[in-house]
Amino acid sequence: MNFITALGSQDFLQNALFTGLLASIAAGLVGPYVVVRRIGYLAGGIAHTVLAGMGIAYFLGANPLMGAFVSAILAALLIGYISLKGFDQEDTVIGALWAIGMATGILFISQTPGYKVDLMSYLFGNLLLVPAEAISMLAWVVGGLALVLLVVHRPLTAVIFDEEFARLRGVPVKSLYLLLLVLVAITVVLLLQAVGLIMVLALLSLPAALAGHHARSLGMMIVVASLAAMAFTTGGLAISWQFDLPAGATIVLVAGIAYLVSLVWRSTRGQRR
Amino acid sequence: MTFRYGEQVILDSVDFQVGAREIVGLIGPNGGGKSTLLKLVLGLLKPVSGCVQVLGKSPSAAARHIGYVPQFANFVKRFPIRVEDVVLMGRQGRSRHWGPWPRADREAIEAVLEEVDISHLRRRHIDALSGGQLQRVLIARALAAEPRLLLLDEPTASVDSDGERSLFELFHRLANRMSVVVISHDLGFISDYVDRVACLNRQMVIHDTEALTADSIEKLYGDHVHMIHHHH
């Protein structure tokens, strides 16, 4: 059965596509801020602390997704607070949380009796296992993300562009930086559904970096990154269905190839000028 | 006012006032404390002793009335942003912080773009600007705030001599409606366009422009200085 026919008849495939598209919009909304502010490593740190939250939630019999949101937001605020206060270098703090998060998660998982397939799907991503009830929640979160960014886009751009100047103009620089980290944390958890913990960084950075090759404003970068991410998840899902490949890895490879093609195209065009 | 970084005294008992609609040139050797003085006026640094008052208020309370052009751009030139959006950033703090730019702010920058002569560059990406053009964009961003005090840290460092002349003429015109403090190493231009020259090398000496002689400059820089006379 080909992808289009299967999409019409298989509910779980429709769920996978909707989840992928929602995760793409989230990546397109937040990825450009991450790329231009150069905090991709920070997103990686948050993604790995999520394992602690999921492990603890799983151990307590709570919803692992809730555990993921709580631990991601706590990690984002902790990294932001320590870096703003200058207690230590940001990359050192991220490295520490990265390791502690994974270790905590693995310890709790090891102490949890029973079948662990749900948690493994968070780790490596499995779009085909996303339950229908999770989609409406994801849609609400993505809607909220878009609304918040619509309100804060202007001052947030000022902070990312020139922090000192923004502070002099009375923009609440610290609060906006912490807000950005929280938005990154929420997006990381959403992306975990689609492509898994290991590949979160790819979907957050590749569509945005590709958009950066062509966009002349941050707003345009967000539109291009969202559309590109949606194309990658749909295309990757179709290819993975057709050839029986893992969905998350296929989506990331499609995104990676598109990014490289865009990079080569831009550099050759630049040389001709 | 005195300022130290650790044990090192950067500014020693500096007493400095700028009058309304006065243009003051700030000169002195590298490391003499010029940029530090501007940062104290902006409230980015705090003096160890003494105090800074701007427009009768503390620097942080007056910050929104100060236009500032830094010596170096604090942003990456690859940032996806066009000239008009950089200039609009100067409007932050004049209206609400949140949501899209109000129409009034978009209209307010029109006159600034004209005055700084960069209207034709408004849709250009900042990565495609020359050093001199970027300097004008930074000046426009500072003016978009409709400041009462304009601080410029070596605004002509990356500009050719024609560009430098037209910028100093602009600063001179701006001093009709605001106070201007401009850091420069080009004493020739400074003395032609400013009301007073403040010489800063840890301590401050203020001269009327006529009193700026080879002797006073050599004393300030602490070394022999070549005087080259320009015909403008």
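**Confidence**

- Chain A has an average pLDDT of 88, and 94% of its residues score at least 70; pLDDT is the predictor's confidence in each residue, from 0 to 100.
- Among the elements of chain A, the lowest mean pLDDT, 62, belongs to helix H6 (residues 117-124), and the highest, 95, to helix H11 (residues 218-243); helices (H or I, at least four residues) and strands (E, at least two) are DSSP runs, numbered from the N terminus.
- Where pLDDT is low, the predicted coordinates should not be read in detail.

**The interface of chain A and chain B**

- Chain A brings 27 residues to the contact and chain B brings 34 residues, contact meaning heavy atoms within 4.5 Å.
- About 2,700 Å² is buried between chain A and chain B, with carbon and sulfur atoms giving 60% of this area; buried area is the accessible area (1.4 Å probe) that two parts lose on being put together, summed over both.
- Of the area that chain A buries against chain B, 35% comes from A:Arg154, A:Phe161 and A:Arg169, more than any other three residues supply.
- One salt bridge is counted between chain A and chain B, and the side chains of A:Asp162 and B:Arg141 meet in a salt bridge at 3.0 Å, N to O.
- On the side of chain A that touches chain B, helix H7 (132-161), helix H8 (163-168) and H11 of chain A each give two or more residues, and H7(A) provides the largest share, nine residues.

- Side chains of opposite charge can pair when their charged atoms come close.
- In chain A, the side chains of A:Arg37 and A:Glu163 form a salt bridge (3.9 Å, N to O), which links helix H2 to helix H8 of chain A across 126 residues.
- A:Arg37 is partly exposed at 23% relative accessible area, as the term buried means under 20%, exposed over 50% and partly exposed in between (1.4 Å probe, protein chains only).
- In chain B, B:Asp105 and B:Arg91 form a salt bridge whose closest N and O atoms are 2.9 Å apart; B:Asp105 is buried, with a relative accessible area of 3%, and B:Arg91 also counts as buried, at 8%.

**Positive phi values in loops of chain A**

- A:Arg38, in the loop between helix H2 (11-37) and helix H3 (40-60) of chain A, has a phi near 60 degrees, a positive value in a residue other than glycine, and counts as exposed at 61% relative accessibility.
- A:Asp244, in the loop between H11 and helix H12 (247-272) of chain A, has a positive phi near 55 degrees and is exposed, with a relative accessible area of 70%.

Methods. Residues are numbered from 1 along each chain as its sequence is written. Chains are lettered from A and ligands numbered from 1 in the order in which they are written. This is a predicted model: local features need pLDDT of at least 70, side-chain atom pairs count only at pLDDT 80 or more; totals for chains, interfaces and linings use all residues. Side-chain values use heavy atoms; hydrogens and water are left out. A salt bridge is a side-chain nitrogen of Lys or Arg within 4 Å of a carboxyl oxygen of Asp or Glu.
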